[in-house]
Amino acid sequence: MAEVTDGEFTAFVNDRGEALLRVAYALAGSQHGAEDLLQNALAKAYTRWPQIRGDAEPYVRRILYHDQVSGWRRRARRPEVPLDALPEVPAERDSGHDADLRMLLRDALLTLPPRQRAVLTLRYLEDLSVEQTAALLGCRTGTVASQASRALAKLRRLVPAFAEYADRPEVSR
Amino acid sequence: MSSPAEEALRAAVRDLARQARPAPDLAAGAMRRGRRLRARRRAAVAAAAALVAVAAVALPFVLLRPESPVRPAVPEPTATVTPTPELLPTPGPSWSASPLALPGGWVVTGAGRGGSSQGGSGWVLDRSQGRYRPVQGYDGVWPAPEGTLTALADEDRPGEIGLADAARRRTDWFRTGKWLMQPQWSPDGRRLLLTIQGEGEPMRLGVLDADGGVRTFPVDTDRYFCTDYCFFTWAGDGREVALQQTGSGGPQSESARHPRRGVQLFSAEDGRPTRFVAMPGDPAGPWAWSPNGRLVVVQGQREPLLVETADGRVVRSLPAADAAFVTDDRLLYRRPYGDRDFVLADPTGRELVRQPLPPELVDRIVTVAPS
């Protein structure tokens, strides 16, 4: 029985591990943090494998997000990137403007608190609605909206080029 | 899908995710960690069922029978007359062997792990033995401010709360319904306050008693209107609970905290609305209210504030919203941005005593209570 469980579990991780690791990376912001976050979620899934085997991926994703935002697990001192470590904003727009903007945004994302980054990951990596995001995180839709808005406000402050984009048509919440 | 800004953000989030490199042995490592987790849980259940005295080993949760509670040494009050804060010594490497005293006669009751690298590990004060016990494997751990109970959350038990009782040496799990945010203990450590809200259901005030009895009361959230952060917290008397009330005037921006007109109080006994207290922010819990009831610390829209409860007048801003009234004229809080020490200050914000934390607790979420 244990061999069956181990075999099924290993096959699941081999099949879905890479995709789950990308989600974990977006949440944790580092390779080490992502592996740790994912391995912890997978370990919990392993202990419950007979009950969740047909529904393992949603289970693991839910744990990933909950671990990321849980007060007990959350880093009291977050590994944020100091503002002066952010790359300089290009003075002129050029052909590499979009790439520059993405790079600046990517770095700025790392400065967000875990809950805000989790909301943005669910909304923009997983393409979930506000309602779906709230259901997964176990909070109200208003909280999702306010967390997203605060995250966007901070990104605008950190990346003026993004603020220019955002000030044209408003970013939806 | 929509604006260029949204597309740029989507691309950046995906760029970030794509930075992940393949991780070798993910399955094997997870299985090893899973087996350890399972073993720890089994060990805890076995320990509780057999009612055996457990030595100081790293089990998921171990609390022993209280005998003669050890009272921590309280820092000398001489600092109250010094013009600059007195810096107390940093606890040494054997800090977990006795209660960590804080200025004002308080004590550290628990410390949670930041990050998941330790599987949610931390420490809880075992008052019966006067030392800290390691905790591991739970998703939420909330030691009661008084007595022998610790509330537990486990992702594998959604909608349930565990109560580990050191006096009875056992952990029981109780179905409460899906709760939001964090449970909060009453000051006497006998009732756990919950904000209960299932998917598509109205918000309910929930109280889990120490004996496992669960009482829930519906709340008219149209009448008692709250947006943004909405959850129940204990008021200072331990008999009423507070719900934040959104202010009606002024613009509401999703980029900032919503304006507050005050808190609506409800009886924790029967859920009946009792009174409204005007204040421009959210109190964090029972210790945010001064013992004489005249002042309360709230998180205002922009900054922590000290407020008169009689009329909601702001007395002054404060360094931290999660501050505890130790007495009517002394506040205890963790120094913002520092994280390394707790500060005893007077209501004017003048720091009197600083107590550094042990290095192991600097990055932890620390809970405190009267000793």
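## Chain A: contacts and make-up

A contact means heavy atoms within 4.5 Å. In chain A, 63% of the contacts with a separation of 6 or more are between residues 24 or more positions apart. The model is predicted: local features need pLDDT of at least 70, side-chain atom pairs count only at pLDDT 80 or more, and totals for chains, interfaces and linings use all residues. Residues are numbered from 1 along each chain as its sequence is written, chains are lettered from A and ligands numbered from 1 in the order in which they are written, and side-chain values use heavy atoms, with hydrogens and water left out.

Chain A has nine helices and zero strands. Helices are DSSP runs (H or I, at least four residues), as are strands (E, at least two), numbered from the N terminus. Along the sequence the pattern reads α-α-α-α-α-α-α-α-α. Of the 173 residues in chain A, 58% are buried. Buried means under 20% relative accessible area, exposed over 50%, and partly exposed in between (1.4 Å probe, protein chains only). The accessible surface of chain A is about 7300 Å². Carbon and sulfur atoms hold 47% of that surface. Areas come from the Shrake-Rupley method with a 1.4 Å probe; for residues, only the protein chains shown count as cover.

## Nonpolar cores

A nonpolar core is a set of buried Ala, Val, Leu, Ile, Met, Phe, Trp, Tyr and Cys residues joined through side-chain atoms within 4.5 Å. The largest such core has 68 residues. Phe9(A), Leu64(A) and Leu155(A) touch the most other members. Helix α1 (residues 2-28) of chain A gives the largest share, 11 residues. Domain 1 (2-69) and domain 2 (84-167) of chain A both contribute residues, so this core lies between them. The domain bounds come from an automatic or database domain assignment.

A second, separate core has 23 residues. Met279(B), Leu295(B), Val296(B) and Leu305(B) are among them. In soluble globular proteins, nonpolar side chains tend to be buried together.

## Strands of chain B

Two strands pair if DSSP finds at least two bridges between them. Four strands of chain B form an open sheet in the order β6-β7-β8-β9, with antiparallel pairing. Its edge strands are β6 (140-143) and β9 (170-175), each pairing on one side only. The twist averages 25° from one strand to the next. Axes are lines fitted to C-alpha atoms, for helices over the stretch in contact, and angles run from 0 to 180 degrees between N-to-C directions. Strand β8(B) (residues 160-165) pairs with β9(B) over six bridges. Leu163(B) has Asp172(B) in β9(B) as its bridge partner.

Elsewhere in chain B, β16 (residues 260-267) and β17 (residues 273-278) pair in the antiparallel sense over five bridges. These two strands form a hairpin with five residues between them. Gly271(B), in the turn, has a positive phi of about 75°. Phe266(B) stands opposite Pro273(B) in β17(B).

Most residues other than glycine have a negative phi. Asp127(A) has a positive phi, near 55°. Asp127(A) sits in the loop between α6 (114-125) and α7 (130-137) of chain A. Asp127(A) is partly exposed, at 38% relative accessible area.

Asp25(B) also has a positive phi, about 60°. Its loop runs between α1 (4-18) and α2 (26-50) of chain B. Asp25(B) is exposed, with a relative accessible area of 59%.
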